[in-house]
Amino acid sequence: MNEKKEKIDIYVSNILLIGSYSAAVLSVVGLFMLLFFAPTTSVQLESKPLSFSLFFSYLKEKNPLSFLNLGILVMMLTPLFRVMTAALSFFLEKDYKYVFIACGVLIILLVSIIPIFI
Amino acid sequence: MVIGGLVAGLFGSLLGLGGGVLIIPLLTLVFGVPMKEAIGTSLICVIATSSGAASLYVRKHFADIRLAMTLELATTIGAIVGGLVAGIIKPEILTILFSVLLFYIALSMICKRPVEDPAKGGEENLEGNSSAQGEYQITNFPFGMGASFFAGNISGLLGVGGGVIKVPAMYLMMGVPLRIAVATSNFMIGVTATAGAFVYYARGEVDLLVSGATMIGVFLGALVGSRILHLIKMEHLKKAFIIVLLYLSVEMLFKGLHLHFLF
């Protein structure tokens, strides 16, 4: 295994760890705020995913739901970064067939995200 | 809910399952969460458990990333289709299908020989696997793509990882060594679950409170599980888990049919 590939495997591994740990931390912060500070903040009872405008205004207000939503989004986006890093790894190895395949997977994932913006 | 997620994550990591098979019955039967929201939550928990395991497999070069990427073309499309289909069919039908899946997993656990966890291998095995990736010849590729599409479909439809389909397909039909099949499947599960999870998220079928609480529990449970794995007698745990799965299968079937078993 060449050194470059080894380094990129470690990057992918670190991205997975950082992504899942930060998602867990954000969710813990959101839950704690909800448990201990919710009575003083305006928390909507129905906790559906927030629209982008609502998400940013809640984040400004330090509303617990915005932290929970951010934690969940970070967790959902972590595998996306995994695919992006794999594509980069194939590119550095000049294995263009697999760059093409990884980009295909990335496009499919991006298509699945589009409905969130509609 | 955090404690329930912790138990699901713990057993999931000890038995090599994504946790979805326990999370959905827990959320629907114990907490009364609607089936589709339980599936959305389960997919997020599957991402959480698989990210930890995949991180280890990537670092140790166990997973065949090229094979994983190629099969992911099929699993991600399958997951999106599964997620969309779940949106138009009745929750009762999803509950009954989930009951059938639980029964199938219990049966496959009774029949199959123990699958060695790739993460348990020593350094010498690690090197062996690394070189072994170039030694096997992948056969039946169209079948593998079909099975991957089906696995993705099941994942998006019922909120599980789909490893129960991918691992046998790679090992039995495509000529991939078992160790590499398990690690490759684990690498793929998070990406597949993400494709399905976005469909549920866009439909508003991800409850932030339920998902956040369960995800934390599952994440902690998986961390603890990976550390106490060597202390547990797997044979006893596996037998107990098969009984739990069979019971949950009947309970979910009754729920789908609007009948009462125990809950």
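Buried residues make up 58% of the 263 residues in chain B of this predicted model. Chain B holds 11 helices and zero strands, and along the sequence these elements give the pattern α-α-α-α-α-α-α-α-α-α-α. Among the contacts in chain B with a separation of 6 or more, 84% are accounted for by residues 24 or more positions apart.

In chain A, which has 118 residues, the buried residues make up 41%. Four helices and zero strands are found in chain A, and from the N terminus on the elements of this chain run α-α-α-α. Of the contacts in chain A with a separation of 6 or more, 58% fall to residues 24 or more positions apart.

The two chains touch each other through 40 residues from chain B and 41 residues from chain A. On the side of chain B that touches chain A, the elements that give two or more residues are helix H3 (35-59), helix H4 (65-88), helix H9 (178-202) and helix H10 (208-228) of chain B. Divided by class, this side of chain B comprises 24 nonpolar, 12 polar and four charged residues.

Two packed helices are described by the angle between their axes and the distance between the axes. Between the chains, helix H3 (residues 64-92) of chain A packs with H9(B), their axes coming within 9 Å and crossing at roughly 135°. The crossing in which H3(A) passes H9(B) is left-handed. On the side of H3(A), the contact is made by A:Met76, A:Pro79, A:Leu80, A:Arg82 and A:Val83, while H9(B) contributes B:Gly190, B:Val191, B:Thr194, B:Ala197, B:Phe198 and B:Tyr201. By class, the residues of this contact of H3(A) with H9(B) are eight nonpolar, two polar and one charged.

Within chain B, H9(B) also packs with helix H8 (residues 163-173) of chain B, where the two axes come within 9 Å and cross at roughly 145°. The crossing of H8(B) and H9(B) is right-handed. Here B:Gly163, B:Lys166, B:Val167, B:Met170 and B:Tyr171 in H8(B) meet a set of residues in H9(B) that consists of B:Leu178, B:Ala181, B:Val182, B:Thr184, B:Ser185, B:Asn186, B:Met188 and B:Ile189. The contact of H8(B) with H9(B) divides into eight nonpolar, four polar and one charged residues.

As to confidence, the model scores ipTM 0.85 and pTM 0.85. Chain B averages a pLDDT of 81, with 84% of the residues scoring at least 70. Among the elements of chain B, the highest mean pLDDT, 92, belongs to H4(B), whereas the lowest, 37, belongs to helix H6 (residues 123-132) of chain B. Over residues 120-133 of chain B the pLDDT stays under 50, and for this stretch the model has 13 contacts beyond four places in sequence. Where pLDDT is low, the predicted coordinates should not be read in detail.

Terms used: Residues numbered from 1 in each chain as written. Chains lettered and ligands numbered in written order. Predicted model: local features only at pLDDT ≥ 70, side-chain atom pairs only at ≥ 80, totals over all residues. Buried ≥ 20, exposed ≤ 12 C-beta atoms within 10 Å, placed from the backbone. Contact = placed C-beta atoms within 7 Å. Nonpolar A, V, L, I, M, F, W, Y, C, P; charged D, E, K, R; others polar. Axes fitted to C-alpha atoms, helices over the stretch in contact; angles between N-to-C directions. Left-handed = near helix turned anticlockwise from the far one by under 90°. pLDDT = per-residue confidence, 0-100.
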